[in-house]
Amino acid sequence: MNRDGLREVLYVDDEPDIREIVQMALGLVDTLAVRTADSGIHALESMRERKPDLVLLDVMMPNMDGPTTLQQMRATPELQSIPVIFMTAKAMPQEVARFRSLGAAAVIAKPFDPMLLAEHVFSVWEQL
Amino acid sequence: MSTSRDELQAKVAMIAGRYLDRVAREIVQLKALVDSAASGDLAVVREIEAMTHRMHGSGAMLHFEEISSPAGELERMSGDFVSSGQVDHPRMVQVLQRLQAAIDQACANRTSPSARP
């Protein structure tokens with residue numbers, strides 16, 4: 001995969017401020033479309049309507065957390081191949097290892113620098 | 001580029017101001033919830049956990065570490081209380097007081113003429 005293949009990202013987080021920051025931060029790249037969802041349930045609905053190239057997923061969310069959302073994606077044939085990056089404040093090595101074992105392509109630690117987020121996402125994308 | 005870096009910085013500053021306004025309102029609600037949690041009602045403790053989770057996460061992103069830190073402490077404490085089924089109300093009140101002081105200070109810094117650039 002290369003950078004050119006990344007066209008649409010879905011960012012999932014229950015915190016509206018962070019959704020807005022991520023949308024603007026990824027908006028620094030004019031070729032990238034960013035959608036957001038405020039919960040795992042809404043994210044799954046959004047993905048079924050239109051499949052994104054990449055999902056950025058908050059870990060701790062009410063009702064359906066990030067790992068459960070990923071589990072649901074992997075159990076859904078049309079969604080199971082979409083790469084997922086977890087974004088979390090819980091980014092200690094053993095937690096990162098656990099998220100990777102669940103099928104996450106990478107983990108981005110919160111808080112992150114909005115100015116560097118797009119580059120970080122693309123660097124993960126290029127390694128997929 | 002659909003968003004410039006300057007625009008992004010300006011918008012993050014705007015969101016930071018909005019965050020302070022919101023937590024200044026939410027701390028009042030949080031105090032009422034902590035008062036109610038004295039009864040040991042775990043549904044109320046879950047509400048406290050959810051509210052402080054947002055304060056914690058957004059606060060860290062927006063560089064309000066002094067707010068994010070006690071909010072995160074109250075979030076973790078609430079999670080522990082939900083898991084154990086036991087609520088240590090005096091401990092919650094202590095952390096709430098620190099959180100209140102941090103929010104008051106951040107709001108005062110924002111309105112203080114010396115804090116303006």
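1. What radius of gyration would a compact globule with 128 residues have, and what does chain A have? A compact globule of that length would come near 14 Å, and chain A has 13 Å, which agrees. The radius is taken over C-alpha atoms, and the globule rule is 2.2 Å times the number of residues to the power 0.38. The C-alpha trace of chain A spans about 35 × 30 × 30 Å along its principal axes.

2. On the basis of the note: this is a predicted model, in which local features need pLDDT of at least 70 and side-chain atom pairs count only at pLDDT 80 or more, while totals for chains, interfaces and linings use all residues. Residues are numbered from 1 along each chain as its sequence is written, and chains are lettered from A and ligands numbered from 1 in the order in which they are written.

3. Chain A contains five helices and five strands, in the order β-α-β-α-β-α-β-α-β-α along the sequence. Helices (H or I, at least four residues) and strands (E, at least two) are DSSP runs, numbered from the N terminus. Of the 128 residues in chain A, 40% are buried. A residue is buried if 20 or more other C-beta atoms, placed from the backbone, lie within 10 Å of its own, exposed if 12 or fewer, and partly exposed in between.

4. Strand S4 (residues 84-88) of chain A is largely enclosed by the rest of the structure, because five of its five residues are buried. Val84(A), Phe86(A) and Thr88(A) point one way from S4(A), and Ile85(A) and Met87(A) the other way.

5. S4(A) pairs in the parallel sense with strand S3 (residues 54-58) of chain A over four bridges, and likewise in the parallel sense over four bridges with strand S5 (residues 106-109) of chain A. Pairing requires at least two bridges found by DSSP between the strands. Phe86(A) in S4(A) stands opposite Leu57(A), and its bridge partner in S5(A) is Val107(A).

6. The chain passes from S3(A) through H3(A) to S4(A) in a right-handed β-α-β crossover. Right-handed here denotes a clockwise path from the first strand over the helix to the second, with the strands pointing away from the viewer.

7. In helix H2 (residues 40-49) of chain A, the residues Gly40(A), Ala43(A) and Met47(A) are buried. They lie on the same side of H2(A), because they cover an arc of only 55 degrees around the axis; the arc is that of the directions from the helix axis to the C-beta atoms. The face turned away from this buried side carries the exposed residues Glu45(A), Arg48(A) and Glu49(A). Among the elements covering the buried residues of H2(A) are strand S1 (8-12), strand S2 (33-37) and helix H3 (66-74) of chain A.

8. Chain B has four helices and zero strands. Its C-alpha trace spans about 50 × 35 × 20 Å along the principal axes, and 34% of its 117 residues count as buried.

9. The contact between the chains takes 17 residues from chain A and 17 residues from chain B, where two residues are in contact if their C-beta atoms, placed from the backbone, lie within 7 Å. On the side of chain A that touches chain B, helix H1 (16-26) and helix H5 (114-127) of chain A are the elements giving two or more residues. H1(A) gives the most, with six residues.
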